[in-house]
Every structure is written in structure tokens, then in C-alpha cells.
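Student: I've got a model open and a few quick questions. Can we walk through it together?
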Amino acid sequence: MTSVFFYAGALALLISHWEVYSDASVKLFTSAIRAISDEEPVGRAEALRRAMLDMIDAGAPHEAHPSYLAPFVVVGEGALAR
């Protein structure tokens, strides 16, 4: 499925490898997008890493469990968009 997006011109995708908790997805994606669009933007992979660390440090205790974070990965261009 991801190849269809790349053929259509996408540079990167934030995907999950298996079924995920929807509340974790919302928190993770919101935090990652916020990091990408900050005054000092970061790359997509770094934004995902920071979002995961935020969930570990400041989220509910159960959100630090790997089952909430491990399914997500950046595929494609993970560096800072130019």
C-alpha cells in the first residue's frame, strides 16, 4: 500500500505495522506534526522520536508501554524537508 503513495509523489509516510490504540495515535501524530511545524522545525523521524519521548515522559503511565509506541515508523525521507 505504501508504494502507491510514493508513486503518487509522497516523500514520506508515518505508518504503523499493526493495529494501534487510537488515543495513542492522536497524541503521537499531533505532537510530531507540532514539532515539524515549530519555529525551528525538525525532520520527520526526529519529530516522531520526540513525540515518543514526550509520551514516555509526560503521558499516562500505560502510554509509555512499547505497545503504544513501537508500531509507528517513518518510511521514506525522514530528514528535515527543504
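This is a predicted model: local features need pLDDT of at least 70, side-chain atom pairs count only at pLDDT 80 or more; totals for chains, interfaces and linings use all residues.

Student: Where does Phe5 lie?
Tutor: Phe5 is in helix H1, residues 2–7. Its relative accessibility is 41%, so Phe5 counts as partly exposed.

Student: Switching to charges. How many salt bridges does the structure hold?
Tutor: Three. Side chains of opposite charge can pair when their charged atoms come close.

Student: Start with Glu63. What does Glu63 form a salt bridge with?
Tutor: With Lys27. The closest N and O atoms of Glu63 and Lys27 are 2.6 Å apart. Glu63 sits in the loop between helix H3 (44–58) and helix H4 (66–69), while Lys27 is in helix H2 (residues 22–36), so this pair ties together parts that are 36 residues apart in sequence.

Student: Is Glu63 buried or exposed?
Tutor: Buried, because its relative accessibility is 2%. The cut-off for buried is under 20%.

Student: OK, next pair. What do the side chains of Arg49 and Glu46 meet in?
Tutor: A salt bridge, 2.9 Å from N to O. Both residues lie in helix H3. Arg49 and Glu46 are three residues apart, about one turn of the helix.

Student: Which residue forms a salt bridge with Glu46 at 2.9 Å between the closest N and O atoms, besides that one?
Tutor: Arg50. Glu46 and Arg50 are also both in helix H3, four residues apart, again about one turn of the helix.

Student: What do salt bridges that share partners join here?
Tutor: They join Glu46, Arg49 and Arg50 into one network.

Student: How do those three count for accessibility?
Tutor: Glu46 is partly exposed, with a relative accessible area of 25%. Arg50 is partly exposed too, at 38%. Arg49 counts as partly exposed at 44% relative accessibility.

Student: How far is Arg49 from Tyr7?
Tutor: Their C-alpha atoms are separated by 26 Å. Along the chain, Arg49 and Tyr7 are 42 residues apart.

Student: Back to H3 itself. How many residues does H3 have, and what does it reach from end to end?
Tutor: H3 has 15 residues and reaches 21 Å from its first C-alpha to its last. That is close to the 21 Å expected at 1.5 Å a residue.

Student: Which residues of H3 are buried?
Tutor: Ala47, Leu48, Ala51, Met52 and Met55. They cover an arc of only 135 degrees around the axis, so they sit on the same side of H3.

Student: What do the buried residues of H3 pack against?
Tutor: Strand E1 (12–16), H2, H4 and E2.

Student: And which exposed residues does the face turned away from the buried side carry?
Tutor: Asp57 and Ala58.

Student: Now H2. What should H2 span?
Tutor: At 1.5 Å a residue, the 15 residues of H2 should span 21 Å. The end C-alpha atoms of H2 are 21 Å apart, which agrees.

Student: Which residues are buried in H2?
Tutor: Ala24, Ser25, Leu28, Ser31, Ala32 and Ala35. Their arc is only 150 degrees around the axis, which puts them on the same side of H2.

Student: What covers them?
Tutor: The cover includes H3, H4 and strand E2 (72–76).

Student: Which residues are exposed on the other side of H2?
Tutor: Ser22, Val26 and Ile33.

Student: Pick out Ser25. Why does Ser25 count as buried?
Tutor: Because its relative accessibility is 10%. The cut-off for buried is under 20%.

Student: Which residues does Ser25 touch?
Tutor: Val20 and Phe72, not counting residues up to four places away in sequence.

Note on methods
Residues are numbered from 1 along each chain as its sequence is written. Side-chain values use heavy atoms; hydrogens and water are left out. A salt bridge is a side-chain nitrogen of Lys or Arg within 4 Å of a carboxyl oxygen of Asp or Glu. Helices (H or I, at least four residues) and strands (E, at least two) are DSSP runs, numbered from the N terminus. Buried means under 20% relative accessible area, exposed over 50%, partly exposed in between (1.4 Å probe, protein chains only). The expected span of a helix is 1.5 Å times one less than its number of residues. The arc is that of the directions from the helix axis to the C-beta atoms. Contact means heavy atoms within 4.5 Å.
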